[in-house]
Amino acid sequence: MIIVVANSKGGVGKSTLAVHLAAWLHEQGHKVTLADCDTQQSSSEWIREAIPEIKAVRLDNSDIILNELPILAQDADYVVADGPGSQTETSRALLLRGDLAIVPCKASMLEVRALAKATEVLRQAQDIRGGIPKAIIVLSMVGKNYRLT
Ligand SMILES: Nc1ncnc2c1ncn2[C@@H]1O[C@H](COP(=O)(O)OP(=O)(O)OP(=O)(O)O)[C@@H](O)[C@H]1O
Ligand SMILES: [Mg+2]
């Protein structure tokens with residue numbers, strides 16, 4: 001299964017969520033590969049330091065993502081792909097290959113209102129692929145006392 005963590009907004013918690021999800025799946029006994037698709041390469045560096053047993057690969061352009069993701073998926077129970085904060089073509093390639101999209105969204109009214117724009121590429125992919133990838137929005141950095149919560 002290819003799980004893509006995507007939101008074209010920067011700094012919403014994609015890499016943090018991707019690393020924690022990969023680590024958790026690994027702890028559950030699954031074979032996990034982390035695909036770092038962001039040029040900042042923060043998630044692959046982080047996972048190499050935290051859990052070196054998890055295979056981490058860097059896929060840094062849309063053609064490589066389209067070609068390599070299915071090959072990586074053959075050799076793992078889960079591929080967790082950390083998406084970039086901006087480059088649309090990279091996000092598009094990820095969403096054309098992913099089985100499930102996780103969309104972290106900061107728990108603030110401005111961010112929630114910006115979701116429609118931030119998920120435009122997701123909707124295009126779902127339109128092309130008959131509803132795939134299924135998507136889950138995860139509120140991140142939630143404050144207990146926020147009205148939104
Ligand atoms: N659940 C959380 N609670 C508190 N802080 C968080 C949480 N998730 C992420 N952060 C912090 O928010 C900042 C941005 O997180 P992160 O780098 O994971 O976002 P990103 O979406 O991957 O950013 P980019 O778009 O630049 O790749 C970091 O400083 C991180 O430590
Ligand atoms: Mg990131």
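A crossing of two helices is called left-handed if the near helix is turned anticlockwise from the far one by less than a right angle, and right-handed if clockwise. The structure above is a predicted model, in which local features need pLDDT of at least 70 and side-chain atom pairs count only at pLDDT 80 or more, while totals for chains, interfaces and linings use all residues. Residues are numbered from 1 along each chain as its sequence is written, and chains are lettered from A and ligands numbered from 1 in the order in which they are written.

The chain has seven helices and six strands, where helices (H or I, at least four residues) and strands (E, at least two) are DSSP runs numbered from the N terminus. Read from the N terminus, these elements follow the order β-α-β-α-β-α-β-α-β-α-α-α-β. The radius of gyration, taken over C-alpha atoms, is 15 Å, close to the 15 Å that the globule rule (2.2 Å times the number of residues to the power 0.38) gives for 149 residues, so the chain is as compact as a globular protein of that length. Of these 149 residues, 38% count as buried, meaning that 20 or more other C-beta atoms, placed from the backbone, lie within 10 Å of the residue's own.

Two packed helices are described by the angle between their axes and the distance between the axes. Here axes are lines fitted to C-alpha atoms, for helices over the stretch in contact, and angles run from 0 to 180 degrees between N-to-C directions. Helix α1 (residues 14–27) packs against helix α2 (residues 42–50) at an angle of about 35°, with the axes 9 Å apart, and the crossing is right-handed. On the α1 side the contact (C-beta atoms, placed from the backbone, within 7 Å) involves S15, A18, V19, A22 and A23, and on the α2 side S42, S43, W46, I47 and A50. By class, this contact has seven nonpolar, three polar and no charged residues, with Ala, Val, Leu, Ile, Met, Phe, Trp, Tyr, Cys and Pro counted as nonpolar, Asp, Glu, Lys and Arg as charged, and the others, Gly among them, as polar.

Helix α1 also gives the most to the shell around ligand 1, with three residues. That shell consists of G10, G11, V12, G13, K14, S15, T16, D38, Q40, G85, S140 and M141, each with its C-beta atom, placed from the backbone, within 6 Å of the ligand. Two of the shell residues are nonpolar, eight polar and two charged.

Key: Buried ≥ 20, exposed ≤ 12 C-beta atoms within 10 Å, placed from the backbone. Contact = placed C-beta atoms within 7 Å.
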